[in-house]
Amino acid sequence: MAELTLLQAINKALEQQMEKDKSVVVFGEDAGFEGGVFRVTAGLQKKFGEDRVFDTPIAEAAIVGNAIGMAINGLKPVAEIQFSGFMFPGYNQIVTHAARMRNRSRGKYGVPMVVRMPYGGGLRALEHHSESLETLFAHIPGLKLVIPSTPYDAKGLMIAAIQDPDPVIFMEPKRIYRAFKQEVPDQEYKVEIGKARVVKKGEGMTVVAWGAMMRETQKALKRLEKENIDVELIDLRTIAPLDYDTVLESVKKTGRLLVVSEQVKSLGIASELITRANEEAFLYLEAPPMRVTGHDITVPLPKGEHHHMVDEKRIAHTIKKLANYEV
Amino acid sequence: MILTSFDPLKKEQFQVLDKDGKVVNKDYEPKIDDDTLIHMYKTMSLARVADIKALQYQRQGRMLTFAPVQGQEAAQIGPMAALDKKDWLVPAFREAAAMLYKGVTLEQSYLYWYGNERGSQFDEGVNVLPVNVPIGSQINHASGVAYASKIQKQDAVALAYIGDGGTSHGEFHEGMNFAAVYNAPLITIVQNNQYAISTPRAKQTKSETIAQKAVAYGIPGIQVDGNDVLAMYAVVKEARERALKGDGPTLIEAFTYRLGPHTTSDDPTIYRKDEEVEEWKTKDPLIRFRKYLTNKKLWNKDKEEALQEEYKKLVNDTFKKVEASGLVELDDVFKYNYAEMPRDLQKQKEAYEAYLKESEEN
């Protein structure tokens, strides 16, 4: 066991899988020699050589497109997009090729690649560095999408992602890259893709979050400690395929659902979760499902970002509102 | 003709001033009036002072991440001086000096990097597009701006900047090819500052020069000493004339060096040697141009000292003003997403305002 940050846990997972499986290769802009702008891939080139860990030209379409080709021909590429806001040239490759290859070749060609990308706001970052665009992947059949919120899950999900036969988008909440440490086993272990985690059991209300919002939600719960609200907290961990069973089972028990997300408001992951609750648990609901999200606006630059960013205060406010809701 | 005299396939590089400010290519020394020369030098100096000060503010925690321009002033001021007011500047994200010359105020420039969208709300008649953070996409915008200028007979060119790393991007190719096919009046300057964050130029392209990529587009390409403001001026002047005649785009590789980090989040000591940086410091574009002006009796030590004092004060005062601007108003983050705010967005804003009021009361 070692105490690791989320970032170090991903690094360890990569190192371990590269050691075990010679077909794993790692690349991206500045991901080789420098070890990435956040240092997620630090030390890997030195250990595994330039054939397996390398810098790419600045070209996201080339990064993803090459990963697809490599995956088809026997490698297990783990490609890095430096920031999720820059993935769009590569998005074409992800959507029009990676996601469809298995289906259109009726199983002949799979694309066992992982595309990693840091994402999310709250860091007073430059333009295009703060968005939360997971819906754009979750909306595409054929893709898997995971977002860890703890070092333990980060390592286990990365190992599962590398070993997965399908393309996995691995979004990393960069705001909590180094925010805290957790005991992480040294040995190889997997966290199942497609399985949410009940972080805290409760009877009064179901609160669902993922990524950096897990931490904000936990802070909000701390704020409300004396309020006597019995929250069941669920960390989605995987966005696609989403673990509706765990969420709906909880909603049926508590009768109240709150989804916390730093995405823009409309047509996001929260929208789908609430729809499912209405479709499949309507008669159990004691209050209308609620969500705390950003607004339907372009993520503001740092001096206006606080208007958009979901914080513990707003989450606590909505939890109270939902707890006190009476029909 | 400069453009036909320096073959990028033979690695020929165009230069007017050597690093000591001596004219080495008398035939091509541009005829620029004294006032303009001094204005060019002053703007280069202001960009440099603003850059150094911003780095200090950033280290003090008063400024956010930004992309320093130090070392690349000549590659930006020479070209801008060769443009007309109605010509367009389409920057990437390291063109603070070019933007200043083209009419973006220092306050606006600082405000953008300070994290306020007002920093991209340029004054009327300033034909400059906002900073372009994603790599390479601006080349297509510039091509479109140029095409529009051509068919509307505006008699104006578009000048786009991109970095050496940016030329690896698909959109660089797409934009150059598009502009070439339609003879759009586009000038693309690749500031080859040798590194794309940590990745050296040799890992971006196997081409010997970046300028030689022009050959494949069927347009002129030339490598220029990017630290030589007069060479950069002369070559852009010629490219502009070509473009306005309807002869199409030109690709200019400005061979230069980023003396600072990629952005303030970057530590270049991981991937660059000190000796290399020291070597490039001897080729500083400002020192070279100052020597040239001094030889022409247009500049001297007293003027230099007075200018430095003036600019330090100007930059300090400007930054204080920017700091005093504080946070962005709630209205601002909502009202510019559309020309007219959709009804539901208006409701979202009202709901958020109600929440703010409520949480204030509690």
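These are my notes on two interfaces in this predicted model.

**Entry 1: the domains of chain A**

Domain 1 of chain A brings 30 residues to the contact, and domain 2 of chain A brings 25 residues.

Next I checked the area. The two domains of chain A bury about 2,100 Å² between them, with 54% of it on carbon and sulfur atoms.

Then I turned to the polar side. I counted three salt bridges across this domain interface of chain A. I also noted a salt bridge between A:Arg175 and A:Glu216, with the closest N and O atoms 3.5 Å apart. Polar contacts link 11 residue pairs between the two domains of chain A. On the domain 1 side, α6 (134-138), β6 (144-146) and α7 (151-163) of chain A each supply at least two residues. I sorted that side of domain 1 of chain A into 15 nonpolar, eight polar and seven charged residues.

**Entry 2: chain B against chain A**

Here chain B contributes 40 residues and chain A 38 residues. I read a buried area of about 3,400 Å², of which carbon and sulfur atoms give 61%. B:Leu64, B:Gln348 and B:Tyr355 supply 16% of what chain B buries, more than any other three residues.

I found zero salt bridges between the chains. Polar contacts do occur, in 15 residue pairs. On chain B, α4 (106-113), α12 (330-335) and α13 (343-361) each give at least two residues to the side touching chain A. Of these, α13(B) gives the most, with seven residues. I sorted that side of chain B into 20 nonpolar, 14 polar and six charged residues.

Definitions and conventions: Residues are numbered from 1 along each chain as its sequence is written. Chains are lettered from A and ligands numbered from 1 in the order in which they are written. This is a predicted model: local features need pLDDT of at least 70, side-chain atom pairs count only at pLDDT 80 or more; totals for chains, interfaces and linings use all residues. Side-chain values use heavy atoms; hydrogens and water are left out. Contact means heavy atoms within 4.5 Å. Buried area is the accessible area (1.4 Å probe) that two parts lose on being put together, summed over both. A salt bridge is a side-chain nitrogen of Lys or Arg within 4 Å of a carboxyl oxygen of Asp or Glu. A polar contact is a pair of N or O atoms within 3.5 Å; within protein, one must be able to donate a hydrogen and the other to accept it, and residues adjacent in sequence count only if both atoms are side-chain atoms. Helices (H or I, at least four residues) and strands (E, at least two) are DSSP runs, numbered from the N terminus. Ala, Val, Leu, Ile, Met, Phe, Trp, Tyr, Cys and Pro count as nonpolar, Asp, Glu, Lys and Arg as charged, and the others, Gly among them, as polar.
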